[in-house]
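The tour goes from the whole chain down to single residues.

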Amino acid sequence: MNSVERVKAICSERKIAISKLEKDLGFGNGYIGQLRKGVFPADRLAKIADYLNVTTDYLLTGAETKKAPAPIVGDELDEVLERL
């Protein structure tokens, strides 16, 4: 399954019309269906991943990768250090 097929499958599962995804992201009508190679440009892949709340890795490979936790900084770091 390629990226385009994966996006279509996710949209189908979540009952999101492809046309709605295209409109919400500012893509032309029929854009996703026109990608014959099944590959999105990196910037659009990232937008779609954010919209669908999945990683770009998942759209590319179908395998979810764990995201590294956000670094603890500022006041949050001070609170963690105080607890320790």
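**Whole chain.** This is a predicted model. Colour by secondary structure: the protein chain shows 5 helices and 0 strands, in the order α-α-α-α-α. Of the 84 residues, 26% count as buried. Among contacts between residues at least 6 apart in sequence, 50% join residues at least 24 apart.

**The core.** Select Val7, Leu21, Ile32, Phe40, Ile48, Leu52 and Leu59. Of the 17 residues in the largest nonpolar core, these touch the most other members. Helix H1 (3-13), helix H2 (18-25) and helix H3 (42-52) each supply at least two residues of this core. In soluble globular proteins, nonpolar side chains tend to be buried together.

**Ile48.** Zoom in here. Beyond its neighbours within four places in sequence, what does isoleucine 48 contact? Its partners are Val7, Leu21, Leu25, Phe27, Phe40 and Leu59.

**Helix H3.** Select Leu45, Ile48, Ala49 and Leu52, which are buried in H3. Look down the axis: these residues cover an arc of only 100°, so they sit on the same side of H3. An α-helix has 3.6 residues a turn, so residues three or four places apart point the same way. Next, show what lies over the buried residues of H3: the cover includes H1, H2 and helix H4 (56-61).

**Last stop.** Select asparagine 53, which follows H3. Its phi is positive, near 60°.

How values were computed
Residues are numbered from 1 along each chain as its sequence is written. This is a predicted model: local features need pLDDT of at least 70, side-chain atom pairs count only at pLDDT 80 or more; totals for chains, interfaces and linings use all residues. Side-chain values use heavy atoms; hydrogens and water are left out. A nonpolar core is a set of buried Ala, Val, Leu, Ile, Met, Phe, Trp, Tyr and Cys residues joined through side-chain atoms within 4.5 Å. Buried means under 20% relative accessible area, exposed over 50%, partly exposed in between (1.4 Å probe, protein chains only). Helices (H or I, at least four residues) and strands (E, at least two) are DSSP runs, numbered from the N terminus. Contact means heavy atoms within 4.5 Å. The arc is that of the directions from the helix axis to the C-beta atoms.
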